[in-house]
Amino acid sequence: MTPLVAVVAFPGSNDVEDAALALTHLGAEAAVVWHGDSELPAGVAGVVLPGGFSYGDYLRCGAIARFSPAMAAVRRFADDGGLVLGICNGFQILCEAGLLPGVLRRNRQLEFVCRDVRVRVERAPTPFTSRCDPGDELTIPVKHGEGCWFAPDELVAELDARGQIALRYAEDCNGSVADVAGVLNETGNVLGLMPHPEHAVQSLLGSADGALILGSLVDAAGERVPVAA
């Protein structure tokens, strides 16, 4: 069966359609959920929080979006083991909501970064990296001004020991502590990453490596789809 993946749209989100199109291209059915909705669609098997500038990035990136009614539904879904992927601003929202560790702050160079970067897969398989092998290097674009992930050294060591660091930059990008590009929650069903896999699902776009991330999510979501008796 085709898995249903919800894409949550906040005021200021600008990658909703891109994420939905990429998921559809990879075999999922995408349903856009408005931030004011208090429930996710029936039968949803995964959730994507897309990139953009939710609420204009006022206060801090993701700080207002975390209070949206839809985020309460996303939290319940994640607490029940549901698969949640936060991309760029979605990563920021998940950190603000406490669903992922650490915070995102201004890039070290205090400039907006928009280019292809190489990221290294640190942990596989997970529901988001099952199509990858540890050590694989993926070329995926970034576009952010506040993508520098930060956590205290002791927390970084704990996350590393528990296998929660899923992706690292293979090249200098934004000053993230330990070159972290993507982090998992402790149970492994929530991932946040700054690179945009939805912009790298076809070679025409310069790289299809993002399909390995989103395709892994679609695969895992497909396994969660209930089979009719």
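The model is predicted.

**Stop 1: the loop between β9 and β10**

Select A178, which sits in the loop that links β9 (165–169) to β10 (180–184). Its phi is positive, near 60°, and A178 is a residue other than glycine. For comparison, most residues other than glycine have a negative phi, and most peptide bonds are trans. A178 counts as partly exposed because its relative accessibility is 35%.

**Stop 2: the loop between β3 and α2**

Move to L59, in the loop between β3 and α2. L59 is not a glycine either, and has a positive phi of about 65°. With a relative accessible area of 74%, L59 is exposed.

Now select S54, found in the loop between β3 (44–49) and α2 (69–79). Is S54 buried or exposed? S54 has 2% relative accessibility and therefore counts as buried, the cut-off being under 20%. Show the residues around S54: with neighbours within four places in sequence left aside, its contacts are F10, P11, G12, G62, A65, N89 and I93.

**Stop 3: helix α3 and what follows**

Two of those contacts of S54, N89 and I93, are also among the buried residues of α3, so select residues 89–96 next. How many residues of helix α3 are buried? Eight of the eight are, so the helix is largely enclosed by the rest of the structure. The buried set is N89, G90, F91, Q92, I93, L94, C95 and E96.

Step past the helix to G98, which follows α3 and has a positive phi near 80°. Then select L99, in the loop between α3 and β5 (103–105). L99 is buried, at 11% relative accessibility. Beyond its neighbours within four places in sequence, L99 contacts M71, R75, L94, N185 and V190. Draw a distance from L99 to N185: their C-alpha atoms are 6.9 Å apart, although 86 residues separate the two along the chain.

**Stop 4: the largest nonpolar core**

In soluble globular proteins, nonpolar side chains tend to be buried together. The largest nonpolar core here has 76 residues, and the members that touch the most others are L23, V47, V48, L49, M71, L85 and W149. Helix α5 (residues 210–224) contributes the most to this core, with seven residues.

Center on L85. Not counting residues up to four places away in sequence, L85 touches V47, V48, L49, L94, F128, L191, L193, L214 and L217.

**Stop 5: the loop between β6 and β7**

Select A124 and P125, which are joined by a cis peptide bond with omega about 0°. P125 is placed in the loop between β6 (113–121) and β7 (137–144). T126 counts as buried, with 7% relative accessibility. A distance drawn between the C-alpha atoms of T126 and P41 reads 24 Å, for a pair 85 residues apart along the chain.

**Stop 6: cysteines**

**Stop 7: the largest pocket**

Rolling a probe the size of a water molecule over the atoms shows where empty space is left. To find the largest pocket, select its lining: D18, L21, A22, H25, E198, H199, V201, Q202 and L205. The space in this pocket is about 150 Å³. Color the lining by class to see four nonpolar, three polar and two charged residues.

Technical notes:
Residues numbered from 1 in each chain as written. Predicted model: local features only at pLDDT ≥ 70, side-chain atom pairs only at ≥ 80, totals over all residues. Heavy atoms only, no water. 1 Å grid on protein atoms, 1.4 Å probe; cavity = no way out; pocket = protein on both sides within 12 Å on 5 of 7 lines; lining within 4 Å. Points joined across faces, edges and corners; volume = space filled by probe spheres on them. Nonpolar A, V, L, I, M, F, W, Y, C, P; charged D, E, K, R; others polar. Core = buried A, V, L, I, M, F, W, Y, C linked by side-chain atoms within 4.5 Å. Buried < 20%, exposed > 50% of the residue type's maximum accessible area, 1.4 Å probe, protein only. Helix = DSSP H or I, 4+ residues; strand = E, 2+ residues; numbered from the N terminus. Contact = heavy atoms within 4.5 Å.
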